[in-house]
Amino acid sequence: MDIPSLLHRAEKALLPIFSEIDAQVKENLRQVLAAFRANRVGVHHFASVSGYGHDDLGRDTLDQVFAQALGAEKAAVRVQFVSGTHAIACALYGVLRPGDEMLAVAGAPYDTLEEVIGIRGSGQGSLKDFGVSYRQLELDSTGAIDWLSLATAVKPQTRLVHIQRSCGYSWRSSLSIDEIERIVRIVKQQNPNTVCFVDNCYGEFINTQEPTDVGADLMAGSLIKNPGGTIVTAGGYIAGKAELVEMACYRLTAPGIGGEGGATFDQNRLLYQGLFLAPQMVGEAMKGSHLIAYVG
């Protein structure tokens, strides 16, 4: 079969899936536009300040827009985050203290977090170097969350549970919003004070809800992935409960500065525009993945 005919057949077969994706894109765009409207976003928010970045109206308003669009109390959207890993590391260092335990419940996290945790390397200022212990729950024989083990996994010292939404470089399925909600519920039943943190990289806008909509306390991701809409040139975000977001910002900048500092270097317009484009771009990527899987 020639390629045009194959693609035509694929398009017909995938039409119901594509229609569902289109409906999802419309809902996510509605939520983003509602956040723009509620925060009265205008052209004056596209300007930025230099120096310390104090009183950057565009940046501070973008934080509020992101928080509302992602179902969070507070967000910090910063070009100073060099990657998703950096944003995640700031969240972990912000929350965890010596004697605390971090528990990964979806198997091993991304390789890039191994040095942050202290699984690999030494003397680099890892969490392990600062007295934070680490434990992980392996996936079950089917590659899914081990729900039975999770039911009794939280210990008195377990300060933070790490939930990696994307499959990353492993062969497991990425976690659904329903699975994340179930994880949070099981963890909170054991200790309501344990922080449920979600590595949300590659997960934004693939559903009409985000982890913070279903009980996650904190999440982080990269702006050069989904929420940047393919046009944002650098940066990352942290979103969740206000106190936890600010604790993470203290690690990005310094105690006493937190989220109040950080110039945006005239990137505000791209950051707003990237968020506006994100639902559509994510939807197109999802369609492309279905198409490749069908014809492959």
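Colleague: Which residues do ring pairs link into a cluster?

Modeller: Ring pairs link F36, F46 and Y272 into a cluster. Two rings of Phe, Tyr or Trp (its six-membered ring) pair if their centres lie within 6.5 Å; planes under 30 degrees apart count as stacked, over 60 as edge-to-face and the rest as tilted. The model is predicted, so local features need pLDDT of at least 70 and side-chain atom pairs count only at pLDDT 80 or more, whereas totals for chains, interfaces and linings use all residues. Residues are numbered from 1 along each chain as its sequence is written, and side-chain values use heavy atoms, with hydrogens and water left out.

Colleague: How many aromatic pairs does a search of the whole structure find?

Modeller: The search finds 4 aromatic pairs.

Colleague: Why is the pair of F46 and Y272 called tilted?

Modeller: The ring centres of F46 and Y272 are 5.8 Å apart and the planes stand at 55°, so the pair is tilted. F46 lies in the loop between α1 (3-38) and α2 (57-69), and Y272 in helix α8 (residues 268-295), 226 residues apart. Helices (H or I, at least four residues) and strands (E, at least two) are DSSP runs, numbered from the N terminus.

Colleague: What makes F46 partly exposed, and why is Y272 called buried?

Modeller: Buried means under 20% relative accessible area, exposed over 50%, and partly exposed in between (1.4 Å probe, protein chains only). F46 has 31% relative accessibility, so F46 counts as partly exposed. Y272 has a relative accessible area of 1%, and therefore is buried.

Colleague: Why is the pair of F66 and Y237 called tilted?

Modeller: The centres of the F66 and Y237 rings are 5.9 Å apart and their planes at 40°, so this pair is tilted. Because F66 lies in helix α2 and Y237 in strand β7, the pair ties together parts 171 residues apart in sequence. Both F66 and Y237 are buried.

Colleague: β7 also holds G240. Why is G240 called buried?

Modeller: The relative accessible area of G240 is 3%, so G240 is buried. Among the residues that G240 touches are A72, T212 and V245, where contact means heavy atoms within 4.5 Å.

Colleague: Which charged end sits over the ring of W147?

Modeller: The charged end of R182 sits over that ring, 3.9 Å from its centre. The criterion is NZ of Lys or CZ of Arg within 6 Å of the ring centre and within 35 degrees of the ring normal. The charged end of K287 likewise sits over the ring of F18, 5.6 Å from its centre.

Key
Lists of a residue's contacts leave out its neighbours within four places in sequence.
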